[in-house]
Amino acid sequence: MGDLELLLPGEADLLVRGLRSFQLREMGSEGWNQQHENLEKLNMQAILDATASQGEPIQELLVTHGKIPTLVEELIAVEMWKQKVFPVLCRLEDFKPQNTFPIYMVIHHEASIINLLETVFFHKELQKQAELMEFEIALKALSVLRYITDCVDSLSLSTLSRMLSTHNLPCLLVELLEHSPWSRRERGKLQQFESGHWQTVVPSEQQKLSKLDGQVWIALYNLLLSPEARARYCLTSFAKGQLLKPQPSFQTLGLSTASHWPPRTPLQLRAFLTDTLLDQLPNLADLQGFLAHLALVEAQSPKKDLVLEQMPEIWERLERENRGKWQAIAKHQLRHVFSPSEQELRLQARRWAETYRLDVLEAVAPERPRCAYCSAEASKRCSRCQNEWYCCR
């Protein structure tokens, strides 16, 4: 492991061995909180190892002890809790928590797990917090999806069928490229969502491919050009139409210059494959050739292959075990989990402070904060809001 160690090798092994699945009613309990802290430590250590190029000891431990399925089950369980229990909890008449942090930690748990999965694969009110976290989780899920497409030729037939036929991921990825939800214009300035917040992109950097755009392009390349995916993906008239949408001119779009990018009207996918993009991802030249060829061939008829698919066993099992118990679970958690005493809160706060050490948090930060005014590297945090950073007074 790296120079800055949060966990010794023996400690990491012990924490990974102890990972287990929890019932929905146990979420937020003392044992559950302890595992959440352990996951955070493993997560931060994995980032430290990746940053220092020290191999992948955390990934090796998770694989060796067979804990990847446990993380996936915990991920699904939190999603079910958010859909089935959290709304019921918020509607209870006596839901008036003095401190919402314990609930926030349950919501944050999903982000912790998927961030750990993303790392190892890589070698304000409560409602607003939940919405922001949903957005961050979705973006991290996109990164995980891209890593899955790197192994598309070794995926099971049922998995590949679900990706290409059931969910039609190539068309979905095209929609993401068109709408680019991680980019926006605020007061005339281009902003991109990176490292957990919106950052203004300076004019000199606006032609640079963002990390998330890059993930989408690589995933699309893998799903359209890998031999196994090409053999399985049926290019129907709908799919062909999505990949080869008519390309309007800037006059049609009501734009006088490309500086107003991205436009609101969908563009043909080939319009995105500019020389600037190809310079940054040269492999996309093959995708450009594929699209040119696609424009000349006839659409395929929908295939009717018989595919035996694995059903979402974990979700169905959890739903079957807890069906009709959502309100009972919410009431139980309100009484025993989300209404801690002042002494319990102080004890938990002390444990959180030990987990989220400042030196480790600074080391795992993806990059230095940027000035909210000029986007230069910043060292001064706003004393009023504690969120914005500035390069000078």
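Predicted model: local features only at pLDDT ≥ 70, side-chain atom pairs only at ≥ 80, totals over all residues.
The protein has 393 residues, and 42% of them count as buried. Its secondary structure consists of 19 helices and 5 strands. The accessible surface amounts to about 22300 Å², and carbon and sulfur atoms account for 51% of that area.

The average pLDDT of the protein is 80, with 81% of the residues scoring at least 70. Helix α9 (residues 211-225) has the highest confidence, at 92, whereas the lowest falls in helix α12 (residues 250-253), where the mean is 35. The pLDDT is below 50 over residues 247-266, a stretch that has 21 contacts in the model beyond near neighbours in sequence.

The structure holds 6 aromatic pairs. One of them is formed by Trp81 and Phe338, in an edge-to-face arrangement with 6.2 Å between the ring centres and 65 degrees between the planes. Both Trp81 and Phe338 are buried. Another pair consists of Phe135 and Trp198, whose ring centres are 6.1 Å apart; the planes meet at 20 degrees, so this pair is stacked. The Phe135–Trp198 pair links distant parts of the chain, as Phe135 belongs to helix α6 (residues 126-149) and Trp198 to strand β3 (residues 197-200), 63 residues apart. Phe135 has a relative accessible area of 24% and is therefore partly exposed. Trp198, at 25% relative accessibility, is likewise assigned to the partly exposed class. An aromatic cluster is made up of Trp81, Phe86 and Phe338. A further ring, that of Phe22, has the charged end of Arg20 over it, at 3.8 Å from the ring centre.

Helix α17 (residues 326-336) contributes several residues to the interior: Trp326, Ile329, Ala330, His332, Gln333 and Leu334 are buried. The packing partners of the buried residues of α17 are α4 (68-91) and α16 (313-322).

Helix α6 also contains Thr149. The relative accessible area of Thr149 is 1%, which is under the 20% limit, so Thr149 is buried. The side chain of Thr149 makes a polar contact of 3.0 Å with the side chain of Asn222. Leaving aside residues up to four places away in sequence, Thr149 touches Met163, Ala219, Asn222 and Leu223.

Two residues were examined for their backbone angles. Most residues other than glycine have a negative phi. Ser180, which is not a glycine, has a positive phi near 40 degrees. This residue is placed in the loop between α8 (169-179) and β1 (183-186). Ser180 counts as buried because its relative accessibility is 5%, below the 20% cut-off. Arg187 also has a positive phi, of about 55 degrees, without being a glycine. The position of Arg187 is in the loop between β1 and β2 (189-194). With a relative accessible area of 82%, over the 50% limit, Arg187 is exposed.

Terms used
Residues numbered from 1 in each chain as written. Heavy atoms only, no water. Phe/Tyr/Trp six-rings, centres within 6.5 Å; stacked < 30°, edge-to-face > 60°. Buried < 20%, exposed > 50% of the residue type's maximum accessible area, 1.4 Å probe, protein only. Helix = DSSP H or I, 4+ residues; strand = E, 2+ residues; numbered from the N terminus. Lys NZ or Arg CZ within 6 Å of the ring centre and 35° of its normal. Contact = heavy atoms within 4.5 Å. Areas by Shrake-Rupley, 256 points an atom, 1.4 Å probe, with all protein chains shown as cover. Polar contact = N/O pair within 3.5 Å; in protein donor to acceptor, adjacent residues only side chain to side chain. pLDDT = per-residue confidence, 0-100.
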